Amino acid sequence: MKKVRPALLLSFVLAVCASAVTAQERFSPYVPSEQGNVERMLKLAQLRDDDVVVDLGSGDGRIVLTAARMNKKLRGWGVDIDEKLVKESNAAARARGVGDRVQFHHRNAFDADLREATVIAMWLWPEMQLLLRPLILAQARPGTRVITNLWDLGSWRPDEEDFDGPRVCLWIVPARVAGNWSWELPIAGRRVAYAAIAEQQFQVVEGMVRAGNRRELLHDVKLRGEDISFTLMMTLEDAGFARHVFRGKVRGDVIVGTASVSLPPHEKTIELPWRATRTETSAYFEPTGTNVQ
């Protein structure tokens, strides 16, 4: 029998499978991940003892099984629509002595519960990965690492990439910070009220804030998981031009952290506790009038 080159065989399999896809659902044909790429993905994720590694479309289970070998304490599970592969993966987990930490389930990837996941792995058809993106952003906790082999997640830009071979990517699920926020800081003998508005596209955030009758933009906004930081340059009533540096952690509808504020003559910086709260409405939109100083 004439030998068929793997690349041609893979192209044929993908073409056949693509023709069978219905208008209602997509799926990814099973093609084993290269072991070297699996290890690069997991190294990019920087595995920890308390991780729960989840593989959407787990195939022969090698991503979760490799993670369990690389870290002897983490847990993991995978889902796949091929029942035969699921049975073989569970048998492999038992044979390697990790059956107590690793399990595989016969399940559609869209039905996976990702709330306990800390690492989510995918090597699926690129459209399938995009279709799963809303599920990840809706369910996964801020700080969850998402790793993929070869294909990306569309307009959601990777936080890190590895090109030492086929491209592997890492994303950090961002906290949801879009909306209205308010907080107060004790500055120059009075409490200054701030009303901010944040606009968000994945981990990219833009914002603006009002204090008194002045409005300014937030600069250098960085959001990585639940960690957020930004700077604010603003003239405050009775205090003058102030430089703020905010750093905190997003806890649902609250941000808790510190604010470093430098006031004229800017020879000293004061460190203040910072607690911002998400609000339904914002003083940012209240009338300003013409008496702006």
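Analyst: What follows goes from the whole chain to the sheet, its hairpins, its core, and then a few sites elsewhere.

This is a predicted model, in which local features need pLDDT of at least 70 and side-chain atom pairs count only at pLDDT 80 or more, while totals for chains, interfaces and linings use all residues. Residues are numbered from 1 along each chain as its sequence is written, and side-chain values use heavy atoms, with hydrogens and water left out.

The whole chain comes first. The protein has five helices and 16 strands. Both are DSSP runs, numbered from the N terminus: helices are H or I of at least four residues, strands are E of at least two. Of its 293 residues, 43% count as buried. Buried means under 20% relative accessible area, exposed means over 50%, and partly exposed is in between, with a 1.4 Å probe and protein chains only. The accessible surface comes to about 15900 Å², and 53% of it belongs to carbon and sulfur atoms. These areas come from the Shrake-Rupley method with a 1.4 Å probe; for residues, only the protein chains shown count as cover. Among contacts between residues at least 6 apart in sequence, 54% join residues at least 24 apart. A contact means heavy atoms within 4.5 Å.

Now the sheet. It is open, has nine strands, and pairs antiparallel in the order β11-β10-β9-β8-β16-β15-β14-β13-β12. Two strands pair if DSSP finds at least two bridges between them. The edges are β11 (214–217) and β12, each pairing on one side only. Neighbouring strands are turned by 25 degrees against each other on average, direction ignored. The axes behind that angle are lines fitted to C-alpha atoms, for helices over the stretch in contact, and angles run from 0 to 180 degrees between N-to-C directions.

Take the hairpins in turn. Strand β8 (residues 179–187) pairs with β9 (residues 190–201) over nine antiparallel bridges. Gly 179 stands opposite Ala 198 in β9. Two residues separate β8 and β9 in their hairpin. Ala 188 lies in that loop. Its phi is near 55 degrees, a positive value in a residue other than glycine. Most residues other than glycine have a negative phi. Ala 188 is partly exposed, at 47% relative accessible area.

Next comes β9 with β10 (residues 204–211). Eight bridges join these antiparallel strands.

On to β13 and β14. Ten bridges join them, and they run antiparallel. Met 234 has Ala 242 in β14 as its bridge partner. Asp 238 sits in the loop between β13 (227–236) and β14 (240–251). Asp 238 has a positive phi of about 70 degrees although it is not a glycine. Asp 238 is exposed, with a relative accessible area of 63%.

What does the largest nonpolar core contain? It has 32 residues, and those with the most contacts inside it are Trp 183, Leu 185, Ile 187, Tyr 194 and Leu 236. Such a core is a set of buried Ala, Val, Leu, Ile, Met, Phe, Trp, Tyr and Cys residues joined through side-chain atoms within 4.5 Å. The elements giving two or more residues to this core are β8, β9, β10, β12 (219–224), β13, β14, β15 and β16. β13 gives the most, with five residues. Leaving aside neighbours within four places in sequence, the contacts of Trp 183 include Tyr 194, Val 209, Phe 230, Phe 246 and Trp 274. Apart from this core lies another, of 24 residues, among them Val 52, Leu 114, Leu 124 and Val 146.

One more loop belongs to the sheet region. Pro 265 lies between β15 (254–262) and β16 (269–279). A cis peptide bond joins Pro 264 and Pro 265, with omega about 5 degrees.

Last, a site elsewhere. Asp 51 is in the loop between α2 (35–45) and β1 (52–56). Asp 51 is buried, with a relative accessible area of 1%. Its side chain makes a polar contact with the side chain of Arg 145 at 2.7 Å. A polar contact is a pair of N or O atoms within 3.5 Å; within protein, one must be able to donate a hydrogen and the other to accept it, and residues adjacent in sequence count only if both atoms are side-chain atoms. The backbone nitrogen of Arg 48 lies 2.6 Å from a polar atom of the Asp 51 side chain.
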